[in-house]
Amino acid sequence: MWGAGIRELRSAGAQFDMGNQSGYTLVVYRAEGLTLAALSAAFEAGASVGRKTQDIRITEPPLRGRPSFRMVLLNGDHRQVVTLFQAPGESEVRGVLASDISDAAIADVANR
């Protein structure tokens, strides 16, 4: 985030365990000047150097009529999905960070 000019990033979230090492986290990131592109780039950069990450796939499907970032990857034996979206004009980015749950469950949570 430093390269994007973000010197302080705040986040708040809640974690939901679905059993058997699966679940999701709802999170809100906030910073002056924060953009979906900058936060997405940070997530992608982190995943690309992970010791156990592989098969990283990135798409930008619209979510609730807004631009979004979706990264699906394998982290060891776990399928992880990062979905981020930002409302126009807002300085916060919302996200769903999921591990080993279905795409339908992720969509349900993200569309709330």
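**Starting from one residue**

Reply: Happy to. Let's begin with A105, which sits in helix α2, residues 103-110. Helices here are DSSP runs of H or I with at least four residues, strands are runs of E with at least two, and both are numbered from the N terminus. A105 is partly exposed, at a relative accessible area of 23%. On that scale, buried means under 20%, exposed means over 50%, and partly exposed is in between, with a 1.4 Å probe and protein chains only. Along the sequence A105 is 82 residues from G23, yet their C-alpha atoms are 9.8 Å apart in space.

Before going further, a word on the ground rules: this is a predicted model, where local features need pLDDT of at least 70 and side-chain atom pairs count only at pLDDT 80 or more, while totals for chains, interfaces and linings use all residues. Residues are numbered from 1 along each chain as its sequence is written, and side-chain values use heavy atoms, with hydrogens and water left out.

D100 has a phi near 55 degrees, a positive value in a residue other than glycine, and is partly exposed at 31%. Most residues other than glycine have a negative phi. D55 also has a positive phi, near 50 degrees, but D55 belongs to strand β3, residues 53-59. Its relative accessibility is 43%, so D55 counts as partly exposed.

Now for the whole chain. It has two helices and six strands, in the order β-β-α-β-β-β-β-α. The radius of gyration is 14 Å, close to the 13 Å from the globule rule for 112 residues, so the chain is as compact as a globular protein of that length. That radius is taken over C-alpha atoms, and the rule is 2.2 Å times the number of residues to the power 0.38. The C-alpha trace spans about 40 × 30 × 25 Å along its principal axes. Of the 112 residues, 34% are buried.

L34, in the loop between β2 (22-30) and α1, is one to look at: at 4% relative accessibility it counts as buried. Beyond its neighbours within four places in sequence, L34 is in contact with residues including M1, I6, L9, Y29 and V93; contact means heavy atoms within 4.5 Å. L34 and Q15, by comparison, are 19 residues apart in sequence and 23 Å apart C-alpha to C-alpha.

Finally, the largest pocket holds about 180 Å³ of space. Its lining has 13 residues, with M71, L73, N75, Q80 and V82 nearest the centre. Two or more lining residues come from each of α1 (36-48), β4 (68-75), β5 (78-85) and β6 (92-99). A pocket is an open set of points on a 1 Å grid over the protein atoms alone, where a 1.4 Å probe fits and protein lies on both sides within 12 Å along at least five of seven lines; lining residues have an atom within 4 Å of a point. By class, the lining has eight nonpolar, five polar and no charged residues, where Ala, Val, Leu, Ile, Met, Phe, Trp, Tyr, Cys and Pro count as nonpolar, Asp, Glu, Lys and Arg as charged, and the others, Gly among them, as polar.

Methods: Points joined across faces, edges and corners; volume = space filled by probe spheres on them.
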